[in-house]
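Visitor: Could you take me for a close look at the aromatic pairs, and tell me which residues form them and where they lie?

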Amino acid sequence: MASGRDEEPCEIRCDAAQLDIEGPSDSLHLMLDDRARVKPLNAGVELYAHSEASREMVLVLLKLGTAEASFVQQLRASGKVFLDFPQRFTLTHMLGQGGCARVYCAKHADGEAAIKVAETKIEKDLLLRESRFLHELSSDHVVKPLGLYEFGVKGNPCVALALEKMDGDLCDLIPAGGLDEASARPLMKQLVCALGDLHGQGKAHRDLKPANILYRGTSDGPLLKLCDFGLACGFDENEQWKHACGTPGYCAPEVLRREGRADAKSDLFSLGVVFFVMLTSLLPENLHGVCPTPSASDDCLQLLVGLLEPDAQKRC
C-alpha cells in the first residue's frame, strides 16, 4: 500500500542483493529476508493468506501467469523494466507490509514515491499482476504507477513497483464515531466513480477496504485513489473467479459461503461496508435493519440497503 504513515526516518542504501538499513538502534533494521519486525499495514486479515480457498487461488494465479509473463516481456522489450533502481531511488523508511510486498518511502529526482518490494515467487507474481492492472487502467481514482524495476541477485532478482506517494489511507480520515453524512458524501462519490471506471474497463478490485483506499490532501478536500490490485481480476479471467478472496468483514456473503464469485457485485457489497465504516467507524454486525445513525437520511439508508443486499442479483 502506498500510504504515508509516519515512521522514524533512517537511511537505507540499496545494495545488489539486500537493503542495508542504517539508523538509531530503535529504528527499522531489516534485511530483505528478515520480516520479524515488520509491522502490518492494517489490522485486517487477508483471506487469501489464511485459508485453503486462498491457497487454491494463489496456485491458480501461478498456473495462469501467462498474462503477467507476457506483460513483463513487453515491458522489457520496450525498455520499461528498469534495472537502475539504486540510482533512481533513495529509500528513507519503511511504511509497512501488505499482502504481497513490503512498502518503503523513497526520494527521487521529482519528489517522493512509495516502493513495493517483492522477493518470493508468490509475492513477485502478485506484484507483477498488480503492476499489469495499474498499467492497463485509466482512472483519476487509481494510484499511478511510476515504473517497474528489477534489482538484486542475478537470476532471481527482487521486483520493485514504484507508485505515486499519497498522504495516507481512508482510515486516517475516519474519526472515532465516524464522519457526518455531509463529510462522507464527497468521499463516497469518488469511490463510486473509482469503481465505475474499474468495472467499465472490465475489471474488479476484489479487496476493497479503507486500507486499500489512499488519499492526498488538496484545496478541494481529500482526493481518493484505489490501490493494492494484487487480487484484482478481469471479467474475462473466468477460471480465477471461482476462488474466494478478499478481507473478512468486507467480503460479500456469496464469497464467504463460496456460493458465488468475487466480481463487480461483490465490489459493491465491499463498498457498502466501507460506507458504513465511514459513517460509524465500525463494521456492520448484521445485514438486517442496517441503520448507521439515528439521524441518517433516507437517501443514505437507501444506498446502504442497496449496497449491502445479501442477494448479489438484487444488489444495486
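Guide: Happy to. A residue is called buried under 20% relative accessible area, exposed over 50% and partly exposed in between, with a 1.4 Å probe and protein chains only. This is a predicted model, in which local features need pLDDT of at least 70, side-chain atom pairs count only at pLDDT 80 or more, and totals for chains, interfaces and linings use all residues. Residues are numbered from 1 along each chain as its sequence is written, and side-chain values use heavy atoms, with hydrogens and water left out.

Now to the rings. Those of Phe, Tyr and Trp (its six-membered ring) pair if their centres lie within 6.5 Å; planes under 30 degrees apart are stacked, over 60 edge-to-face, and the rest tilted. The structure holds four aromatic pairs. In one of them, Phe85 and Tyr149 have ring centres 5.6 Å apart and planes at 65°, so the pair is edge-to-face. Phe85 sits in helix α3 (residues 85–88) and Tyr149 in strand β7 (residues 145–151), so this pair ties together parts 64 residues apart in sequence. Helices (H or I, at least four residues) and strands (E, at least two) are DSSP runs, numbered from the N terminus. Phe85 is buried at a relative accessible area of 0%, and Tyr149 is buried too, at 2%.

Tyr149 also forms an edge-to-face pair with Phe89, at 5.4 Å centre to centre and 90° between the planes. Here Phe89 lies in the loop between α3 and β4 (90–97), 60 residues from Tyr149 in strand β7. Phe89, like Tyr149, is buried.
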